[in-house]
Amino acid sequence: MLDINYIRQNPEEVLKMLHKRQLASEEPKVAQLLDFDRERKVLVQRSDDLKALRNKVSKEIADIKKSGIGSSEELILQMKSVSEEIAGMNGLLGNLEEQIEKILLELPNKLHPSVPVGRSADDNQIFKDSVSFPYNLDFPVKNHLELGKSLGILDFERGAKVCGAGFPVYMGKGARLERALINFMLDCHTERHGYTEVFPPFLVNQESLRGTGQWPKFADQVYHIEEDDLYAIPTAEVPVTNLHRGEMVDANALPISYAAYSACFRREAGSYGKDTRGFLRVHQFNKVEMVKFTRPEESYKALETIRENAEAILTALKIPYRVLLLCSGDISANATKCYDIEVWSPAEQKYLEASSCSNFEDYQARRANIRFKPESNAKPEFVHTLNGSGLATSRLMVSLLEHYQTPAGSVMVPEVLRHYTRFDEITQTTE
RNA sequence: GGAGAGGUGGCCGAGCGGCUGAAGGCACCGGUUUGCUAAACCGACGUAGUUCUUAUAGGGCUACCGAGGGUUCGAAUCCCUCCCUCUCCGCCA
């Protein structure tokens with residue numbers, strides 16, 4: 001969330017940001033917030049005055065009782081009514097603070113000056129266009145669904161039977177290939193890019209969702225297990241960023257870089273009918289996520305590093321891709337700046353999002369209260385948090401299967417994965 | 001699921017209902033001493049809100065001892081609920 005001091009001092013900046021984000025409906029909230037804030041201040045002052053009086057008189061009462069001189073009856077009676085008055089104010093104050101908190105949690109993050117202004121996904125800027133690798137697909141290409149079915153490596157029907165639509169099953173060499181991808185990506189980030197591997201819980205509590213900003217905004221997109229009041233993670237970002245929630249991290253340890261595999265669960269409520277075929281939109285998918293905690297002055301450099309780390313995976317796999325710089329109307333509410341990496345699908349003849357790399361500055365750190373001391377005796381400051389998919393396997397698998405198919409209908413395994421799969425090709429005779 | 005113990009500042013740890021924002025120790029910071037380092041000694045040392053002043057600093061007031069309620073003139077301290085950690089028993093993977 002934003003610093004309330006920043007909003008007090010720069011309300012017009014906040015309004016400008018909302019305008020750029022195409023969130024006109026949110027604009028009245030700023031004035032409302034400032035109204036509540038002023039009201040709160042008046043109430044706090046009056047309540048603090050009463051508390052000061054009560055503290056002072058309570059000490060007098062103590063003195064009277066100790067010395068045994070005089071009577072405290074009258075004072076106690078007075079303080080009783082003062083306490084009642086304070087209690088009344090606390091009720092009002094609690095209400096106000098709840099509303100202030102609510103608005104603060106809902107307001108989106110600032111935008112970095114380099115973010116292009118635009119209305120929708122159509123206005124995203126191409127940061128890096130068509131990074132390609134040589135392929136000979138001069139034959140009728142099959143799409144990933146056809147390949148998955150003919151090779152017996154993907155089973156959407158049975159997935160739907162055991163769970164529901166959007167829960168794909170990988171079989172045989174398909175399962176092995178998926179696992180190879182995950183292992184390759186994790187090894188790459190830990191051994192070559194300097195990340196520490198984390199295997200996080202796949203269920204989290206509500207505080208964690210709130211810490212990274214999925215709560216309250218995306219409450220309806222997250223699977224909720226009522227019995228234990230836990231939520232299935234939509235991304236490893238949630239448990240991994242929250243590892244340091246409420247902590248004072250050691251300044252010398254910064255930047256902290258974590259790479260984590262997790263399954264990701266998304267309800268995708270309201271998006272039925274859009275890109276629903278096969279892997280294009282699923283409720284459960286696998287992803288390796290990179291998370292960084294940095295000093296504020298280093299976060300934008302770290303964002304480029306994360307993007308490069310994600311690109312390195314595609315380069316190694318020789319998967320064609322491009323990088324977009326998201327515009328103000330398309331970027332998520334939590335991020336100040338975000339790159340999307342999209343992989344090419346020869347069958348769909350379009351780019352598919354496989355990674356998002358974002359800087360959140362102190363937006364998540366403030367929610368999750370993650371601080372550090374810049375100097376040993378200095379005041380604590382919020383760290384900056386960032387993350388990027390490195391990468392999600394589902395769309396990656398689409399592009400991989402389609403690019404590596406042969407005229408005979410088999411799929412070759414990318415060079416760098418063979419060490420993990422221990423087979424070179426997936427043919428129809430797969431077990 | 002049952003029984004017990006406990007959650008206090010960056011860390012460890014003491015704390016009788018009023019004199020406790022909190023002893024003591026460690027770490028960090030400033031200084032003295034010292035050939036360097038270390039040690040020793042001295043000093044400073046939480047966060048947030050608000051207000052005042054002789055206002056790049058200092059003072060006052062308020063809140064914060066796992067979270068939320070309650071009792072009380074007054075709660076770190078007593079009571080209740082919840083969360084977490086540890087130990088033991090039971091059950092299960």
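**Where the domains meet**

Guide: Let's start with a salt bridge: the side chains of Arg-210 and Glu-101 pair up at 3.3 Å, N to O (the term asks for a side-chain nitrogen of Lys or Arg within 4 Å of a carboxyl oxygen of Asp or Glu). Keep in mind that this is a predicted model, where local features need pLDDT of at least 70, side-chain atom pairs count only at pLDDT 80 or more, and totals for chains, interfaces and linings use all residues. Residues are numbered from 1 along each chain as written, chains are lettered from A and ligands numbered from 1 in written order, and side-chain values use heavy atoms, with hydrogens and water left out.

Now the wider setting. Chain A splits into domain 1 (4-106) and domain 2 (121-426), with bounds from an automatic or database domain assignment. Six residues of domain 1 and ten residues of domain 2 make the contact, meaning heavy atoms within 4.5 Å. Taken over C-alpha atoms, the two domain centres sit 43 Å apart.

Between them, domain 1 and domain 2 bury about 660 Å², 47% of it from carbon and sulfur atoms; that's the accessible area (1.4 Å probe) the two parts lose on being put together, summed over both. On the domain 1 side, Lys-20, Arg-21 and Leu-105 lose the most area to domain 2, together 76% of what that side buries.

As for salt bridges, the count between domain 1 and domain 2 is one.
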